[in-house]
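Hi,

Here is the structure I promised to pass on. Have a look at it first, and then read my notes below.

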Amino acid sequence: MDEFNLTMIADRLESMEETIISRILDRMQYKRNSAVYSTDKVFIKDMSPLDYMHKLSEQIFAQLGKFSVAEEKPFFRDTDLSINKNIVQKKEHFCSNILNGINMTSEIKKHYISFVKISCEDGDDSEYGSSAEADIAALTAISKRIHYGSFYVAESKFLSESQKYVDAIKKRDENAVRALLTRKEIEEKIVLRVKEKCDKIQDAYTSKLRKKIDSQLIGNFYENTIIPLTKDGETLYLFRRCENEN
């Protein structure tokens, strides 16, 4: 099936890079703004400004069918997923019970916020709404990339070497599965390409007011967070896939 052609999948993943880079660069124009992640400034009980804004936006997108697509996952598990029946839904190529059981958003958010706190300029510029808006856009783009890889890359690789994966999964050998999934030279190429794109995007900026961000920071985020979390999702998917067939 074309949907599981690894070259086409790699092209799709590559096409997401500019969006992710741009969203992260947008967030890094603001200071750390720790209040955005704190429940001290509450709009609603026990929610940070980021969570409050993010959850409200998810409730709207859910009605438009956003989370009926494999790679789109809600960050809030209690999001009302009622879908407008007039929306035409994309037909998925995965078992719904597998899709519904895999959601990497908690890990994505934890790693992303840690990255923001380390990478953004220290301090508070009171741009809470803009910071939260940029965070949501970045989190959405990163999550889409990780979940797309988790399902489509894993399925494509499984179809090309089914028996090797089945043997490793039967032994419950997670390390063997990850080794089969790993293409170190491809990962290095992705990180290098991301850094080059980051520099090119920033070179095209006309505003002298925008801060220039070291591309190594975003390359490191890809290398240390996006790629490993995608591999976590792929491994989880493959184990669930094989269990589903038994």
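This is a predicted model: local features need pLDDT of at least 70, side-chain atom pairs count only at pLDDT 80 or more; totals for chains, interfaces and linings use all residues.

Residues are numbered from 1 along each chain as its sequence is written, and side-chain values use heavy atoms, without hydrogens and water.

The structure holds nine aromatic pairs (rings of Phe, Tyr or the six-membered ring of Trp with centres within 6.5 Å; planes under 30 degrees apart are stacked, over 60 edge-to-face, the rest tilted). One of them is Phe4 with Tyr152, a tilted pair with 5.7 Å from centre to centre and 35 degrees between the planes. Phe4 sits in the segment before H1 and Tyr152 in helix H6, so this pair ties together parts 148 residues apart in sequence. (Helices are DSSP runs of H or I with at least four residues, strands are runs of E with at least two, and both are numbered from the N terminus.) Phe4 is buried, at 9% relative accessible area, and Tyr152 is buried too, at 3%.

The Phe115 and Phe221 rings have centres 4.5 Å apart and planes at 35 degrees, so that pair is tilted. Phe115 belongs to helix H5 (residues 105–119) and Phe221 to helix H10, 106 residues apart.

Finally, Phe4, Phe94, Tyr148, Phe151, Tyr152 and Tyr237 form one aromatic cluster.

Best wishes

Note on methods
Buried means under 20% relative accessible area, exposed over 50%, partly exposed in between (1.4 Å probe, protein chains only).
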